[in-house]
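Please look at the model below before reading on.

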Amino acid sequence: AHVAGGALWLTADAPGQLGSCILPALPHVGPTTTFAASFDVHIGGVCLGGGRNCGGDGVSFSFGEVADEAFGADGAGDGLRIQLLTQPIRHLVAQYGGRHLGSAAMGESLRAQAPQQLAVRYAADGLWVRYGSRVLLSGVQVPSWAPRPSWRFAFGAHTAAGAAKHDHHLLDNLRIETGVLDPDSGRVSVQ
């Protein structure tokens, strides 16, 4: 991964690419941590096969115990993983601790002509995910939510080795806020 033109390029529009960015651990992360993250995502590039043959393979957002090694669209760590996958079908998958939380079909909106904002939030009302103007997941309860101080936010992407299935994967305008859930009141104080 590298920064060019003010954006983080996880992969170039070429086959066999792998790129990731792992942020440093934030202070005050613990079992009652909530967060709201938003960033612009652009998945696209030259499409040589048309329609569903294009794209490969996707981008991920992770919040967990992430090792210092490159990873792709499957995400990393033992915590929360949000995957935007372009192959074999375009869809979003949410996982926590290796368990499936939810998924949503995305169709051609995933490979938009312009960057789309991905917003991911976890608070008292559960997990919420929005891509562009479309809410994909809302109020999904996450069993055993328990972030640890060593948890980090991270992003990854990869492209297929095949000549026709690849995209560039760019991120920009990242914003992350963390808070603490008061289990008695259900309120969140932002830090």
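In strand β10 (residues 126-131), Arg130 stands opposite Ala119. Six bridges join β10 to β9, and the two run antiparallel. They form a hairpin with two residues between them. On β9 (residues 116-123), Ala119 is also the bridge partner of Ser38. Seven bridges join β9 to strand β4 (residues 33-44), again antiparallel. Strands are DSSP runs of E, at least two residues long, numbered from the N terminus, and two strands pair if DSSP finds at least two bridges between them.

This is a predicted model, in which local features need pLDDT of at least 70 and side-chain atom pairs count only at pLDDT 80 or more, while totals for chains, interfaces and linings use all residues. Residues are numbered from 1 along each chain as its sequence is written, and side-chain values use heavy atoms, leaving out hydrogens and water.

Phe39 and Phe155 form an edge-to-face pair, 5.0 Å centre to centre with 80° between the planes. The two lie 116 residues apart, Phe39 in β4 and Phe155 in strand β12 (residues 152-158). Both residues are listed here with their relative accessible area; buried means under 20%, exposed over 50%, partly exposed in between (1.4 Å probe, protein chains only).

| Residue | Relative accessible area | Class |
|---|---|---|
| Phe39 | 3% | buried |
| Phe155 | 2% | buried |

Ring pairs link Phe39 and Phe155 into a cluster with other residues, including Tyr96 and Trp145.

Note on methods:
Helix = DSSP H or I, 4+ residues; strand = E, 2+ residues; numbered from the N terminus. Phe/Tyr/Trp six-rings, centres within 6.5 Å; stacked < 30°, edge-to-face > 60°.
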